[in-house]
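I would like to walk slowly through one structure, so please keep the picture in view while I talk.

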Amino acid sequence: MVSGGYKDDQDHGDVIVYTGHGGQDGAKNQISDQSLDDPGNAALVTSYLEGQLVRVIRGAHRNSQYAPRSGYRYDGLYRVTSYGSTVGADGHRIWQFRLEADQRGDIPEHSAQEAQLPLQGLLVEAPIGVASPARVRREIQRTVRNSRVIRQVKSWHGGVCQLCGLAVVLPGGVYSEGAHIQALGDPYNGPDTTDNVLCLCPTCHVMFDGGAIVLTDELDIVRHGAKVGTLRTHPQHVIDLARVRSHRERWRG
Ligand SMILES: [Zn+2]
């Protein structure tokens, strides 16, 4: 609900800097620090960690050109793309969440094809870009909505990477990504089932999607051609070896 209740809010239309909940008196002055333990703030952290979209409703108020003139208006789905704390206008610590309008509608679980950047584009002499990139659209969205399937796999592993054992612990929870072994969509057409999904850290996800890591039929981890360990498993998390083979075939070169 964006209704002008927090003076540190910023409303840029498709991007909203949303101040977390709590710490206010009846006159909307910030009189104490906010906490991520507040249920409203914890819910936004969960939305970030799980890639779940949030519905934004704007209420009438004077501080935003995007607010309705009166009443309330449903403004669609937004994604929590980052969060952090700062000292607000009233001198107390507040938590702020960046919300970006989800313009692409139903985003597939992830797309290996989109993750490949043209490397030569990065070789430039001078810094390029803009000084205030707040409104530049992100070209790659790796954090996507979690299916029930991915949430289940993450839950079995507690967010710990099955390849390297890393748990990316953030304030409020553990961040991990669901990686399809045999990629979804054309031309691979892997299924969205738990036996085709791994719980990975972002680095291992990129390496696995890009073929720098493959698995053997014994679920040994082969990185750049060398065996470096064995996949972490869970008794309830059965892996479909046909998917493992399919992924390996794709990167055999
Ligand atoms: Zn990892």
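Predicted model: local features only at pLDDT ≥ 70, side-chain atom pairs only at ≥ 80, totals over all residues.

Now let us turn to the aromatic rings. A pair of aromatic rings is described by the distance of the centres and the angle of the planes. The count for this model comes to four aromatic pairs. One of them is formed by Tyr83 and Trp95, a tilted pair with 6.3 Å centre to centre and 45° between the planes. This pair links distant parts of the chain, since Tyr83 sits in strand β4 and Trp95 in strand β5, twelve residues apart. Are these two residues buried or exposed? Tyr83 counts as buried at 17% relative accessibility, and Trp95 is buried as well, with a relative accessible area of 16%.

Tyr83 also forms an aromatic pair with Phe97, and this one is stacked, with 5.8 Å centre to centre and 25° between the planes. Because Tyr83 lies in strand β4 and Phe97 in strand β5, the pair ties together parts that are 14 residues apart in sequence. Both Tyr83 and Phe97 are buried. Taken together, Tyr48, Tyr83, Trp95, Phe97 and Tyr175 form one aromatic cluster.

The next stop is the zinc ion. Which residues are its protein donors? They are Cys161, Cys164, Cys201 and Cys204, each through its SG atom, lying 2.3 Å from the ion. The arrangement is tetrahedral because the four donor atoms subtend angles of 103 to 115° around the zinc ion. Along the sequence, the donor residues are spaced C-x2-C-x36-C-x2-C. Cys164 lies in the loop between α2, residues 148-157, and β6, residues 168-170, while Cys204 lies in helix α3, residues 202-209, so this pair ties together parts that are 40 residues apart in sequence. Cys164 is partly exposed, with a relative accessible area of 41%, whereas Cys204 is buried, at 7%.

The loop between α2 and β6 also holds Gln162, which is buried, with a relative accessible area of 1%. Gln162 and Thr233 are 71 residues apart in sequence, and yet in space they are 7.0 Å apart, C-alpha to C-alpha. Gln162 touches a number of residues, including Val153, His157, Leu200, Ile221 and Thr233.

Ile221 brings me to my last point, as this residue stands opposite Gly229 in β12. Four bridges join strand β11, residues 220-223, to strand β12, residues 226-230, and the two run antiparallel. They form a hairpin with two residues between them, and His224 in the turn has a positive phi of about 50°.

Notes: Residues numbered from 1 in each chain as written. Heavy atoms only, no water. Donors = N, O, S within 2.8 Å, 3.2 Å for Na, K, Ca; no water. Tetrahedral: all angles 85-135°; square planar, octahedral: opposite > 155°, others 65-115°. Buried < 20%, exposed > 50% of the residue type's maximum accessible area, 1.4 Å probe, protein only. Phe/Tyr/Trp six-rings, centres within 6.5 Å; stacked < 30°, edge-to-face > 60°. Pairing = 2+ DSSP bridges. Contact = heavy atoms within 4.5 Å. Lists of a residue's contacts leave out its neighbours within four places in sequence.
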